[in-house]
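Hi there,

Here is the model I promised to pass on to you.

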Amino acid sequence: MKNNLNFQVNFPGNTATPPPAASVALPDPNAPLFASQDGLVASLSNNECIFQVKSSGETHVMTYQVLRALDQCREFRSMDEHVSRVLTTLADPSIPRDGVANVLGSLVERGLMTEDKAFLAGLGQATSRRQEPLRAVFIRACERPDQLQRLMTSLTDYERRFRAGRQYIVLDDSTSPQVINTHRDLLREFARATGCRLIYLGAPEQAKLIERLAAALPRVRDALRQMLTRNGATSRFGGGRGWNLALLLSAGERMALLDDDQTLPLRRNDGVRTGLDPDPSAPAHVRFFRNSEDALAVGEEVADDPFETHLHAAGQNLGVLTTDSRYAIERTSLRGLSLGRLDMLRAYAPVLATMHGTTGSSRTESGTWLYMMDKDSRADFCSDRDSYLRNVEAQNIWYGYQQARVSTVGYFTPFTLDNSAMLPCTNAVGRGEDALFSAVTRLCHPEALVLELPLVIGHLQERPRKRSDTTLMAATPRFNHFVSDFVQRQLPEFQSTDASQRLGLLAAHLRDAAGASQ
């Protein structure tokens, strides 16, 4: 135990009139920023306590007066700002400014306060991870030949431009013979025009694959059929089925995932900034348009290979990425953030998924997110009555971030995934399979991150959808959403470092819930 903080600020016993307060000056933008460490406190006496640093486990003895000063310095700010805040909190004019500054300086020396440069230097000390090759670009398709045609046309343009020669695997969930034939014709034309290898997996091909897996693993035959086939438990469309197939077929490598209603190229907005935004609560930027053509055309087309842009990050340690100018964290961007809010920024945190925003149709059936936008977006949203009534349906929008950011859970379908260590499955049917997958992935890999790039992909659904009615309705609990929320609430209770054991505990929790009475 370190006993070197057993001190307090001592003040002179005279009653001299304190010097007049200095005029308030703006913070020096070039001054170093400091933030106090998070920790646990246990009482020793009426005057002293033990403080245990959360990140290192080191313990320090200090007076409650010092602890109170430490508590006022949680956010990254300059030392002058911290001293002023402590003096304001203590509200005692006899306390000398130099005395408080000396105490805070001692806290820095003992590692109880961290400087911005030290924090960023520690983040950048990670070594590079081996990134596995891309197995294929997987495309989920279902009964939408017009959408699939638009996507394949954009991929044809991509292959002609970059000559990437990627492998494509189409997971077709269609049941209409006419649509299936149309899809096959589209894919043959794409393969002929690009020379790329393309594998088509419709219902018959998927059934043969699943039976081969079941023959090799008879013990899980029923589970395979339940999670991978349309006729396993329900005939309903399920994006999760295609997702699970893609995970199986890409096991050991990386994968890219597209839906048939998406379209390249990726685009960036005019206000996009380089670097990584460390603020986990940064608001999204939204723009609204009168029609889909305007929405799909906005912004600058990404000049680089869009897949390589994402694959550069997928499967890499965050600390390595922050040494790249594309994802470097500006020292000044830490201002106002506490170390607790930056807990996910760890040198060896792996980026298991990358994603981006969307332009065109909204990705959600509800419009509740419309009321949680930044100031400029809100002004565009409700500039007048007609625009509000049009925009509330979120049919023609640009939704994304102006700077790259990381999060622990991604609520939308990722663009690339690192499946080098096989990732968990998601539910075969129902909406919210992407959020459920992300939550269970975090259960298996607690330190893993999702990196969202300040780019958007075109998204145009087969028909306009009225979202305002759904927005006004009471939320109906769904299995995927329930389990996703449940996992995130239960995460602190899962202690094992073994991913399979954590999944077993989740299964036991769900069986327990299933056995409950109404």
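**Strands, then salt bridges**

Strand E9 and strand E10 (residues 198-201) run parallel and are joined by 4 bridges; two strands count as paired if DSSP finds at least two bridges between them. Leu 171 has Leu 201 in E10 as its bridge partner. Between E9 and E10 the chain passes through helix H6 (residues 177-194), and this β-α-β crossover is right-handed (with the strands pointing away from the viewer, the path from the first strand over the helix to the second runs clockwise). Helices (H or I, at least four residues) and strands (E, at least two) are DSSP runs, numbered from the N terminus.

Before going on, please keep in mind that this is a predicted model: local features need pLDDT of at least 70, side-chain atom pairs count only at pLDDT 80 or more, and totals for chains, interfaces and linings use all residues. Residues are numbered from 1 along each chain as its sequence is written, and side-chain values use heavy atoms, with hydrogens and water left out.

E9 also pairs with E8, in the parallel sense, over 5 bridges. Here Ala 141 stands opposite Asp 172 of E9.

How many of the residues of strand E9 (residues 168-172) are buried? The count is 5 of the 5, so the strand is largely enclosed by the rest of the structure (buried means under 20% relative accessible area, exposed over 50%, partly exposed in between, with a 1.4 Å probe and protein chains only). Tyr 168, Val 170 and Asp 172 cover one side, while Ile 169 and Leu 171 are on the other.

Now for the charged pairs. The structure holds 32 salt bridges (a side-chain nitrogen of Lys or Arg within 4 Å of a carboxyl oxygen of Asp or Glu). Among them is Glu 433 with Arg 140, whose closest N and O atoms are 3.4 Å apart. Glu 433 sits in helix H15 (residues 433-444) and Arg 140 in strand E8 (residues 134-141), 293 residues apart. Both Glu 433 and Arg 140 are buried.

Arg 144 and Asp 261 form another salt bridge, again with 3.4 Å between the closest N and O atoms, and both residues are buried. Arg 144 also belongs to a salt-bridge network with Asp 260, Asp 261, Glu 462, Arg 463 and Arg 465.

Finally, Arg 478 bridges to Glu 365 at 2.4 Å. Arg 478 is partly exposed, at 32% relative accessible area, and Glu 365 is partly exposed at 30%.
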